[in-house]
Every structure is written in C-alpha cells, then in structure tokens.
Amino acid sequence: MSNDNEQVLNEISKKIEKIPPLPRIPQKAMQLMMKPDFNMKELSDIISQDQSLTIKILRWANSAYYGIGNPVNSIHQAVTYLGEHVIWSLLLTSAISSVMMAPLPGYDLEMGALWKHSLHTAIIARELMKTWNEKMAEEAYTGGLLCDIGKIAMDVAWQNYNEENPGQAKEDAPLDFVFVEQSLFGINHTIIGAKIAEIWGFPETLQETIRYHHTPSRSEKNPKITSAVHIADVIVNCMGIGIGIDGLQYYFEPSAMQELGLDFKDIVRFMDKIVDLLKEIELLIDFPVTTA
Ligand SMILES: [Fe+2]
C-alpha cells in the first residue's frame with residue numbers, strides 16, 4: 001500500500017467514525033425487529049415515544065400509495081396494517097434521511113442529491129422485486145436505500161484527489177467507477193458502505209447487497225435482491241437523478257435481468273408504471289423526487 005493510499009484510508013476511517021449513530025427511537029425499533037420473537041405491541045410502544053416519527057408513519061399509512069383504505073388513527077393500527085417489512089422500510093427511511101441529505105463535494109453531489117438518488121433506487125428496486133416475489137420487496141427497498149451509503153465516507157478521498165489534480169479524475173477515469181476508486185485509493189464505496197451497514201448492526205444479507213450492488217453476479221447470500229438493486233441503480237443513473245462525477249461510469253450486468261426473469265421489454269413496460277409511482281411517492285416525503 002502506498003503512503004498516499006494509507007493516508008486516504010486513514011481519512012476515510014476518521015470519516016466513518018464521525019458518522020452519527022442512527023436516531024435513538026428508530027434504531028431501538030429496528031433492533032427490536034431483528035429479534036425473531038418481537039411483538040407488534042412492543043414495537044408500537046417504542047415508535048410512539050417519537051412524536052414526529054409517529055406522525056410520519058401515520059401519514060404514510062393513510063396515503064394512497066399504501067392503499068389501506070380505512071383511516072389509520074393509531075401507530076398500533078399502522079404497524080398492524082402495514083406489516084413489519086413496510087414498517088422496517090419506513091423506520092430506516094426516517095432514520096437515515098439526515099445523514100444522506102448531506103452534500104458530497106468530492107462526488108460533485110449537491111445537498112439532497114444522494115438522498116434523491118437513493119430513494120429512487122429504493123422505490124424502483126422494490127417495484128422490480130414485486131414482479132418476482134412480493135415478500136422480498138421491502139428488502140430490495142432497504143438495499144436500494146443504502147447501496148451508496150459508502151459515498152458519504154468515500155467522498156473525502158475524492159475531495160483530496162480533486163484538490164491535488166483538479167479535473168483529472170473525470171477525464172482519465174476508465175469506464176467502471178468502482179474499479180477507478182479501487183485503483184486510485186485501494187478501496188471503493190461498496191466496501192465502505194458494507195462496513196457502515198455492519199457498524200449500524202444491519203443484517204449480513206443487507207451488507208452483501210451493498211457490497212455487490214455494482215457486481216450482483218458475485219452475490220451469494222442475496223443474488224435476487226442484489227440484482228434488483230443493481231438494475232434499479234442503473235435505471236436511476238440513466239434517468240440522470242442524483243448523479244455526480246461517477247455519472248454513467250458503471251458496468252451493467254445483464255445476468256441481473258436473468259436472475260429476476262426479466263427482459264428489456266419488461267423494463268420498458270415497468271418504466272411507464274414507475275413515473276406515476278414516483279409522483280405518488282413525492283407526496284410522502286419532504287421534497288420533490290420526480291425532478292432530477
Ligand atoms: Fe454505487
């Protein structure tokens with residue numbers, strides 16, 4: 001390892017250490033949900049301790065997107081009607097929004113751009129997964145939401161690199177950006193992202209999806225979820241949403257389509273549906289998601 005790379009890795013480690021822990025109540029609720037014998041009453045009691053989280057979940061539960069139909073007035077009703085997988089997604093969305101809203105100048109991503117990209121990836125991954133297995137849809141959402149979390153620490157490497165050699169990264173980079181990061185810094189945002197997920201105590205399957213979201217054929221524990229996240233990430237990149245210096249510089253693995261039994265005609269049909277879906281989602285979060 002060169003001295004330069006050692007310095008970069010030290011800076012990335014420091015950045016990882018500075019990432020704030022997840023907010024207490026959503027984290028407590030998610031920790032409970034990782035236990036095999038948790039009960040919904042206990043979960044509702046924990047969520048109720050956070051008023052703004054409670055209001056947010058009730059708003060989501062009463063939205064057209066989740067389509068429950070009957071008015072949902074209590075957090076216990078919301079938890080019961082939406083089910084544990086959707087509640088997990090909502091808790092995670094709420095917990096990580098502030099961390100992921102931050103600007104990433106090294107990647108040339110303005111404030112909110114990573115969050116916007118991640119939300120789109122999550123929503124599209126969920127819908128893609130539904131075509132294969134409805135029960136795994138929320139897991140795909142989670143993977144999509146967190147797949148680029150490593151960029152929040154990797155950004156320091158790009159900031160320093162650009163300072164020393166302005167513009168060089170953009171002009172000289174080979175096609176695959178994971179390869180670029182690995183070659184320049186001895187690490188890449190997928191490895192860092194999996195590490196952050198481990199620090200936050202998230203399951204190994206989720207860590208693996210983050211690690212291989214650009215190379216889903218290497219996923220062993222979770223190939224279908226990882227494939228859905230990979231395809232969703234490519235779609236969002238092609239839509240030009242929340243992309244920075246890495247732009248379209250990632251390989252697409254067609255085997256991900258085979259993994260989910262999809263062909264390109266399916267994706268075209270899917271895209272017609274997704275535009276309306278994203279408009280519905282816009283109503284649920286605090287800023288527009290339907291514009292780049
Ligand atoms: Fe990525």
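Is Glu208 buried or exposed? Glu208 is buried, because 21 other C-beta atoms lie within 10 Å, where a residue counts as buried with 20 or more other C-beta atoms within 10 Å of its own, as exposed with 12 or fewer, and as partly exposed in between, the C-beta atoms being placed from the backbone. This is a predicted model, in which local features need pLDDT of at least 70 and side-chain atom pairs count only at pLDDT 80 or more, while totals for chains, interfaces and linings use all residues. Residues are numbered from 1 along each chain as its sequence is written.

**Overall composition**

The secondary structure of the protein chain comes to 15 helices and zero strands, with helices (H or I, at least four residues) and strands (E, at least two) taken as DSSP runs and numbered from the N terminus. Of the 292 residues in the protein chain, 43% are buried. Among contacts between residues at least 6 apart in sequence, 64% join residues at least 24 apart, a contact being two residues whose C-beta atoms, placed from the backbone, lie within 7 Å.

| Helix pair | Axes come within | Crossing angle |
|---|---|---|
| α7 (residues 137-146) and α13 (residues 223-238) | 9 Å | roughly 50° |
| α2 (residues 24-33) and α5 | 9 Å | roughly 150° |

Helices α7 and α13 are therefore oblique to each other, whereas α2 and α5 are therefore roughly antiparallel; angles under 35 degrees count as roughly parallel, over 145 as roughly antiparallel, 65 to 115 as roughly perpendicular and the rest as oblique.

The crossing of α7 and α13 is right-handed. Glu139, Ala140, Gly143 and Gly144 of α7 make this contact with Ile225, Thr226, Ala228, Val229 and Ala232 of α13. By class, the contact of α7 with α13 has five nonpolar, three polar and one charged residues, where Ala, Val, Leu, Ile, Met, Phe, Trp, Tyr, Cys and Pro count as nonpolar, Asp, Glu, Lys and Arg as charged, and the others, Gly among them, as polar.

The crossing of α2 and α5 is left-handed, a term for a near helix turned anticlockwise from the far one by less than a right angle, with right-handed used if it is turned clockwise. On the α2 side the contact is made by Pro26, Gln27, Ala29, Met30 and Met33, and on the α5 side by Glu84, Trp88, Leu91, Leu92, Ser94 and Ala95. These residues divide into eight nonpolar, two polar and one charged.

**The nonpolar core**

The largest nonpolar core has 73 residues, and those with the most contacts inside it are Ala125, Leu128, Ala140 and Ala228; such a core is a set of buried Ala, Val, Leu, Ile, Met, Phe, Trp, Tyr and Cys residues joined through C-beta atoms within 7 Å. Helix α5 (residues 75-101) supplies the largest share of this core, 13 residues. Not counting residues up to four places away in sequence, Ala140 touches Ala125, Arg126, Leu128, Met129, Ile225, Ala228 and Val229.

**Individual residues**

Glu208 is found in helix α12 (residues 204-211). Leaving aside neighbours within four places in sequence, Glu208 is in contact with Ser219, Lys221, Asn222 and Thr226. Asp108, in the loop between α5 and α6 (113-132), has a phi near 60°, a positive value in a residue other than glycine.

Key:
Axes fitted to C-alpha atoms, helices over the stretch in contact; angles between N-to-C directions.
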